[in-house]
Amino acid sequence: MSAIAPAAPAHAHPLEQSKFWIFVQIAMLLAVITGLELVTVYLPFMKWLLVSALVILSTVKFMFVIFYFMHLRWDKAFCTILFFIGLILAGGTMWALLKLFGAEASKPLPVTALEPPAAVMRVA
Amino acid sequence: MSSTAAATLNHHHDPTTSTGIANKKLLMWAFLASDCMFFGCLISTHLIYRLHPPPGTPPAREVFSIELTSFSTFILLMSSLMMALAVNAIQKGNLKSLRWSLLTTIFFGCIFLGCQVYEFRNFVFEKHLTITNSILGTTFFTLTGTHGLHVLIGVIWLSGMLLYSFTGRLTEKDSIDVESMGLYWHFVDIVWIVIFTAVYLLEYI
(Lines give C-alpha, C1' and ligand atoms only; values in the text may rest on other atoms or scores of the structure.)
Protein backbone atom coordinates (compact mmCIF):
# COMPACT_ATOMS: atom_id res chain seq x y z
CA MET A 1 0.00 0.00 0.00
CA SER A 2 1.25 3.47 -0.80
CA ALA A 3 2.35 5.61 2.09
CA ILE A 4 0.77 8.88 3.12
CA ALA A 5 3.34 11.65 3.02
CA PRO A 6 3.09 15.07 4.66
CA ALA A 7 0.49 17.43 3.26
CA ALA A 8 1.28 19.20 0.01
CA PRO A 9 -0.93 21.13 -2.39
CA ALA A 10 -1.67 19.64 -5.79
CA HIS A 11 0.28 22.35 -7.62
CA ALA A 12 3.40 21.27 -5.74
CA HIS A 13 3.71 18.24 -8.07
CA PRO A 14 4.05 19.58 -11.60
CA LEU A 15 5.85 16.34 -12.52
CA GLU A 16 2.80 14.24 -11.64
CA GLN A 17 0.64 16.45 -13.86
CA SER A 18 3.10 16.44 -16.76
CA LYS A 19 3.66 12.65 -16.65
CA PHE A 20 0.74 12.17 -19.03
CA TRP A 21 2.52 14.14 -21.77
CA ILE A 22 5.86 12.53 -20.96
CA PHE A 23 4.29 9.09 -21.51
CA VAL A 24 2.58 10.15 -24.75
CA GLN A 25 5.81 11.65 -26.13
CA ILE A 26 7.80 8.55 -25.20
CA ALA A 27 5.24 6.26 -26.86
CA MET A 28 5.51 8.32 -30.05
CA LEU A 29 9.30 8.15 -29.84
CA LEU A 30 9.15 4.36 -29.42
CA ALA A 31 6.93 4.07 -32.49
CA VAL A 32 9.37 6.18 -34.51
CA ILE A 33 12.33 4.05 -33.34
CA THR A 34 10.43 0.90 -34.39
CA GLY A 35 9.95 2.46 -37.83
CA LEU A 36 13.67 3.26 -37.96
CA GLU A 37 14.50 -0.35 -37.11
CA LEU A 38 12.35 -1.53 -40.00
CA VAL A 39 14.09 0.83 -42.42
CA THR A 40 17.52 -0.17 -41.08
CA VAL A 41 17.24 -3.84 -42.11
CA TYR A 42 16.79 -2.84 -45.76
CA LEU A 43 19.78 -0.44 -45.89
CA PRO A 44 22.68 -1.55 -48.11
CA PHE A 45 25.37 -1.33 -45.44
CA MET A 46 27.74 -3.83 -43.87
CA LYS A 47 26.12 -6.49 -41.69
CA TRP A 48 28.02 -5.59 -38.51
CA LEU A 49 26.97 -1.96 -38.87
CA LEU A 50 23.30 -2.87 -39.29
CA VAL A 51 23.38 -5.33 -36.36
CA SER A 52 25.03 -2.68 -34.16
CA ALA A 53 22.41 -0.12 -35.19
CA LEU A 54 19.58 -2.55 -34.38
CA VAL A 55 21.09 -3.42 -30.98
CA ILE A 56 21.48 0.28 -30.11
CA LEU A 57 17.94 1.15 -31.23
CA SER A 58 16.33 -1.70 -29.31
CA THR A 59 18.44 -0.87 -26.23
CA VAL A 60 17.18 2.73 -26.39
CA LYS A 61 13.58 1.47 -26.58
CA PHE A 62 14.21 -0.94 -23.71
CA MET A 63 15.70 1.80 -21.51
CA PHE A 64 12.87 4.26 -22.21
CA VAL A 65 10.28 1.65 -21.21
CA ILE A 66 11.99 0.58 -17.99
CA PHE A 67 12.97 4.07 -16.81
CA TYR A 68 9.79 5.94 -17.74
CA PHE A 69 6.86 3.52 -18.16
CA MET A 70 8.10 1.29 -15.32
CA HIS A 71 8.93 4.36 -13.19
CA LEU A 72 12.52 3.34 -12.43
CA ARG A 73 13.53 6.95 -12.98
CA TRP A 74 11.39 8.06 -10.05
CA ASP A 75 11.63 4.95 -7.84
CA LYS A 76 14.27 3.95 -5.31
CA ALA A 77 17.63 2.94 -6.81
CA PHE A 78 17.28 -0.49 -5.23
CA CYS A 79 14.56 -1.41 -7.77
CA THR A 80 16.97 -0.56 -10.60
CA ILE A 81 19.76 -2.56 -8.96
CA LEU A 82 17.51 -5.57 -8.40
CA PHE A 83 16.28 -5.61 -11.99
CA PHE A 84 19.73 -5.05 -13.44
CA ILE A 85 21.10 -8.01 -11.45
CA GLY A 86 18.67 -10.24 -13.36
CA LEU A 87 19.38 -8.43 -16.60
CA ILE A 88 23.16 -8.75 -16.26
CA LEU A 89 22.91 -12.43 -15.33
CA ALA A 90 20.66 -13.05 -18.32
CA GLY A 91 22.86 -11.00 -20.65
CA GLY A 92 26.01 -12.74 -19.39
CA THR A 93 24.45 -16.17 -19.90
CA MET A 94 23.36 -15.24 -23.41
CA TRP A 95 26.80 -13.86 -24.28
CA ALA A 96 28.57 -16.96 -22.91
CA LEU A 97 26.26 -19.38 -24.73
CA LEU A 98 26.54 -17.52 -28.02
CA LYS A 99 30.35 -17.40 -27.71
CA LEU A 100 30.53 -21.11 -26.87
CA PHE A 101 28.26 -22.26 -29.65
CA GLY A 102 29.52 -19.66 -32.11
CA ALA A 103 33.05 -21.09 -31.98
CA GLU A 104 34.33 -23.02 -35.01
CA ALA A 105 34.73 -26.19 -32.92
CA SER A 106 31.05 -26.05 -31.96
CA LYS A 107 29.84 -26.46 -35.52
CA PRO A 108 27.76 -29.62 -35.82
CA LEU A 109 29.49 -32.40 -37.77
CA PRO A 110 27.97 -33.33 -41.12
CA VAL A 111 26.06 -36.60 -41.18
CA THR A 112 28.73 -38.34 -43.31
CA ALA A 113 31.40 -37.61 -40.68
CA LEU A 114 29.31 -39.35 -38.04
CA GLU A 115 29.02 -42.63 -39.99
CA PRO A 116 31.57 -45.27 -38.95
CA PRO A 117 34.18 -46.29 -41.58
CA ALA A 118 33.30 -49.35 -43.66
CA ALA A 119 36.26 -51.38 -42.26
CA VAL A 120 35.10 -50.87 -38.69
CA MET A 121 31.60 -51.91 -39.66
CA ARG A 122 32.90 -55.19 -41.22
CA VAL A 123 34.84 -56.10 -38.04
CA ALA A 124 31.82 -55.42 -35.92
CA MET B 1 -9.21 21.23 6.03
CA SER B 2 -8.22 18.15 8.00
CA SER B 3 -4.68 16.84 7.79
CA THR B 4 -5.89 13.60 6.16
CA ALA B 5 -7.75 15.44 3.45
CA ALA B 6 -4.79 17.65 2.73
CA ALA B 7 -2.39 14.73 2.67
CA THR B 8 -1.07 13.48 -0.62
CA LEU B 9 0.15 10.00 -1.45
CA ASN B 10 3.81 9.47 -2.19
CA HIS B 11 3.89 6.61 -4.69
CA HIS B 12 7.67 6.30 -4.77
CA HIS B 13 8.34 5.92 -1.05
CA ASP B 14 6.80 3.61 1.53
CA PRO B 15 7.94 4.47 5.07
CA THR B 16 6.41 1.26 6.47
CA THR B 17 9.15 -0.92 4.95
CA SER B 18 12.88 -0.84 5.72
CA THR B 19 13.74 -0.41 2.03
CA GLY B 20 11.23 2.38 1.45
CA ILE B 21 9.77 0.26 -1.34
CA ALA B 22 6.34 -1.36 -1.07
CA ASN B 23 6.67 -5.12 -0.60
CA LYS B 24 4.41 -5.92 -3.55
CA LYS B 25 6.52 -3.78 -5.85
CA LEU B 26 9.75 -5.34 -4.57
CA LEU B 27 8.32 -8.82 -5.11
CA MET B 28 7.35 -7.92 -8.68
CA TRP B 29 10.80 -6.52 -9.48
CA ALA B 30 12.44 -9.68 -8.08
CA PHE B 31 10.11 -11.84 -10.18
CA LEU B 32 10.83 -9.78 -13.31
CA ALA B 33 14.58 -10.09 -12.72
CA SER B 34 14.20 -13.88 -12.60
CA ASP B 35 11.97 -13.84 -15.69
CA CYS B 36 14.76 -11.98 -17.53
CA MET B 37 16.95 -15.06 -17.09
CA PHE B 38 14.15 -17.34 -18.27
CA PHE B 39 13.62 -15.40 -21.50
CA GLY B 40 17.38 -14.92 -21.88
CA CYS B 41 17.80 -18.70 -22.08
CA LEU B 42 14.95 -19.11 -24.58
CA ILE B 43 16.29 -16.34 -26.83
CA SER B 44 19.83 -17.78 -26.62
CA THR B 45 18.56 -21.22 -27.60
CA HIS B 46 16.85 -19.78 -30.66
CA LEU B 47 19.93 -17.77 -31.68
CA ILE B 48 22.30 -20.72 -31.17
CA TYR B 49 20.31 -22.95 -33.47
CA ARG B 50 20.11 -20.12 -35.99
CA LEU B 51 23.94 -19.98 -35.98
CA HIS B 52 24.18 -23.52 -37.33
CA PRO B 53 20.88 -24.43 -38.94
CA PRO B 54 20.71 -28.16 -39.73
CA PRO B 55 20.13 -29.19 -43.35
CA GLY B 56 16.50 -28.92 -44.36
CA THR B 57 15.74 -25.97 -42.10
CA PRO B 58 13.43 -23.58 -43.99
CA PRO B 59 14.83 -20.03 -44.43
CA ALA B 60 13.21 -17.95 -41.70
CA ARG B 61 12.99 -14.93 -43.97
CA GLU B 62 10.61 -16.80 -46.26
CA VAL B 63 8.48 -17.89 -43.31
CA PHE B 64 8.21 -14.65 -41.33
CA SER B 65 5.90 -11.76 -42.15
CA ILE B 66 7.65 -8.56 -41.10
CA GLU B 67 4.54 -6.44 -41.76
CA LEU B 68 2.40 -8.40 -39.31
CA THR B 69 5.13 -8.49 -36.67
CA SER B 70 5.76 -4.75 -36.96
CA PHE B 71 2.04 -4.12 -36.50
CA SER B 72 2.04 -6.38 -33.40
CA THR B 73 5.04 -4.49 -32.03
CA PHE B 74 3.31 -1.15 -32.53
CA ILE B 75 0.16 -2.45 -30.83
CA LEU B 76 2.12 -3.71 -27.82
CA LEU B 77 3.95 -0.38 -27.50
CA MET B 78 0.63 1.47 -27.51
CA SER B 79 -0.74 -0.94 -24.90
CA SER B 80 2.25 -0.04 -22.73
CA LEU B 81 1.35 3.63 -23.10
CA MET B 82 -2.24 2.92 -22.00
CA MET B 83 -0.97 0.88 -19.04
CA ALA B 84 1.28 3.76 -17.95
CA LEU B 85 -1.73 6.09 -18.18
CA ALA B 86 -3.81 3.63 -16.12
CA VAL B 87 -1.21 3.70 -13.33
CA ASN B 88 -1.09 7.50 -13.58
CA ALA B 89 -4.90 7.62 -13.33
CA ILE B 90 -5.19 5.45 -10.19
CA GLN B 91 -2.38 7.42 -8.53
CA LYS B 92 -4.57 10.51 -8.99
CA GLY B 93 -7.66 8.62 -7.83
CA ASN B 94 -9.30 8.99 -11.25
CA LEU B 95 -11.28 5.73 -11.56
CA LYS B 96 -13.04 6.65 -14.79
CA SER B 97 -9.75 7.28 -16.56
CA LEU B 98 -8.33 4.09 -15.03
CA ARG B 99 -11.17 2.00 -16.44
CA TRP B 100 -10.83 3.44 -19.96
CA SER B 101 -7.06 2.99 -19.90
CA LEU B 102 -7.37 -0.61 -18.66
CA LEU B 103 -10.03 -1.40 -21.26
CA THR B 104 -7.83 -0.04 -24.05
CA THR B 105 -4.84 -1.99 -22.76
CA ILE B 106 -6.91 -5.19 -22.73
CA PHE B 107 -8.13 -4.41 -26.26
CA PHE B 108 -4.57 -3.93 -27.53
CA GLY B 109 -3.45 -7.08 -25.69
CA CYS B 110 -6.22 -9.07 -27.40
CA ILE B 111 -5.22 -7.68 -30.81
CA PHE B 112 -1.63 -8.76 -30.16
CA LEU B 113 -2.79 -12.26 -29.19
CA GLY B 114 -5.04 -12.38 -32.27
CA CYS B 115 -2.07 -11.48 -34.49
CA GLN B 116 -0.01 -14.20 -32.84
CA VAL B 117 -2.70 -16.83 -33.33
CA TYR B 118 -3.01 -15.75 -37.00
CA GLU B 119 0.78 -15.93 -37.40
CA PHE B 120 0.98 -19.39 -35.82
CA ARG B 121 -1.88 -20.69 -37.98
CA ASN B 122 -0.23 -19.26 -41.07
CA PHE B 123 3.11 -20.88 -40.20
CA VAL B 124 1.58 -24.29 -39.51
CA PHE B 125 -0.97 -24.53 -42.34
CA GLU B 126 0.57 -22.36 -45.09
CA LYS B 127 4.32 -22.56 -44.47
CA HIS B 128 4.23 -26.06 -42.93
CA LEU B 129 6.44 -25.02 -40.01
CA THR B 130 5.44 -26.89 -36.85
CA ILE B 131 6.95 -27.22 -33.41
CA THR B 132 8.21 -30.74 -34.24
CA ASN B 133 9.30 -30.70 -37.89
CA SER B 134 12.35 -28.43 -37.58
CA ILE B 135 14.60 -26.86 -34.98
CA LEU B 136 13.55 -23.40 -36.21
CA GLY B 137 9.93 -24.34 -35.45
CA THR B 138 10.81 -25.77 -32.05
CA THR B 139 12.79 -22.77 -30.81
CA PHE B 140 10.51 -20.18 -32.47
CA PHE B 141 7.21 -21.58 -31.19
CA THR B 142 8.63 -22.21 -27.70
CA LEU B 143 9.97 -18.65 -27.40
CA THR B 144 7.08 -16.72 -28.92
CA GLY B 145 4.52 -19.09 -27.40
CA THR B 146 5.95 -18.49 -23.91
CA HIS B 147 5.79 -14.76 -24.53
CA GLY B 148 2.22 -15.10 -25.79
CA LEU B 149 1.33 -17.01 -22.62
CA HIS B 150 2.71 -14.09 -20.59
CA VAL B 151 0.53 -11.70 -22.61
CA LEU B 152 -2.52 -13.92 -22.02
CA ILE B 153 -1.85 -13.97 -18.25
CA GLY B 154 -1.50 -10.17 -18.40
CA VAL B 155 -4.82 -9.78 -20.22
CA ILE B 156 -6.57 -11.98 -17.63
CA TRP B 157 -4.99 -9.99 -14.79
CA LEU B 158 -5.99 -6.68 -16.42
CA SER B 159 -9.56 -7.92 -16.92
CA GLY B 160 -9.75 -8.96 -13.26
CA MET B 161 -8.52 -5.53 -12.17
CA LEU B 162 -11.03 -3.81 -14.46
CA LEU B 163 -13.89 -5.80 -12.93
CA TYR B 164 -12.54 -5.17 -9.42
CA SER B 165 -12.57 -1.41 -10.08
CA PHE B 166 -16.37 -1.58 -10.38
CA THR B 167 -16.75 -3.00 -6.85
CA GLY B 168 -15.82 0.36 -5.32
CA ARG B 169 -13.01 -1.17 -3.28
CA LEU B 170 -10.20 0.04 -5.55
CA THR B 171 -8.96 3.42 -4.34
CA GLU B 172 -5.89 5.61 -4.70
CA LYS B 173 -4.40 3.84 -1.67
CA ASP B 174 -4.41 0.55 -3.61
CA SER B 175 -2.50 2.02 -6.53
CA ILE B 176 0.40 -0.32 -5.79
CA ASP B 177 -1.75 -3.23 -7.04
CA VAL B 178 -2.27 -1.52 -10.38
CA GLU B 179 1.39 -0.45 -10.48
CA SER B 180 2.61 -4.04 -9.90
CA MET B 181 0.34 -5.24 -12.69
CA GLY B 182 1.70 -2.42 -14.87
CA LEU B 183 5.28 -3.53 -14.20
CA TYR B 184 4.39 -7.01 -15.41
CA TRP B 185 2.72 -5.65 -18.55
CA HIS B 186 5.65 -3.38 -19.40
CA PHE B 187 8.00 -6.32 -18.89
CA VAL B 188 6.05 -8.29 -21.49
CA ASP B 189 6.57 -5.30 -23.79
CA ILE B 190 10.34 -5.09 -23.25
CA VAL B 191 10.71 -8.82 -23.84
CA TRP B 192 8.93 -8.34 -27.17
CA ILE B 193 11.28 -5.45 -28.02
CA VAL B 194 14.19 -7.92 -27.71
CA ILE B 195 12.37 -10.74 -29.54
CA PHE B 196 11.39 -8.41 -32.39
CA THR B 197 15.03 -7.50 -32.97
CA ALA B 198 16.76 -10.79 -32.17
CA VAL B 199 14.31 -13.20 -33.77
CA TYR B 200 12.63 -11.27 -36.58
CA LEU B 201 14.70 -8.28 -37.75
CA LEU B 202 18.08 -10.07 -37.71
CA GLU B 203 16.74 -12.53 -40.29
CA TYR B 204 16.33 -9.70 -42.80
CA ILE B 205 19.95 -8.53 -42.69
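Predicted model: local features only at pLDDT ≥ 70, side-chain atom pairs only at ≥ 80, totals over all residues.
I started with the A/B interface: 57 residues of chain A are in contact (heavy atoms within 4.5 Å) with 61 residues of chain B. Residues are numbered from 1 along each chain as written, chains are lettered from A in the order written, and side-chain values use heavy atoms, leaving out hydrogens and water.

Next I checked the area. Chains A and B bury about 5,300 Å² between them, 76% of it on carbon and sulfur atoms; that is accessible area (1.4 Å probe) lost on being put together, summed over both.

Then I looked for charge pairing. The rule (Lys or Arg side-chain nitrogen within 4 Å of an Asp or Glu carboxyl oxygen) finds one salt bridge across the interface. D75(A) and K25(B) meet in a salt bridge through their side chains, at 2.8 Å, N to O. On chain A's side, helix 3 (77-102) gives the largest share, 14 residues. By class, I get 39 nonpolar, ten polar and eight charged residues there.

Last, I looked at one helix pair. Helix 2 (residues 47-69) of chain A packs against helix 7 (residues 175-200) of chain B at about 180°, axes 10 Å apart. That makes the two roughly antiparallel (the cut-off is over 145 degrees).

Technical notes:
Axes fitted to C-alpha atoms, helices over the stretch in contact; angles between N-to-C directions. Helix = DSSP H or I, 4+ residues; strand = E, 2+ residues; numbered from the N terminus. Parallel < 35°, antiparallel > 145°, perpendicular 65-115°, else oblique. Buried area = accessible area lost by both parts, 1.4 Å probe. Nonpolar A, V, L, I, M, F, W, Y, C, P; charged D, E, K, R; others polar.
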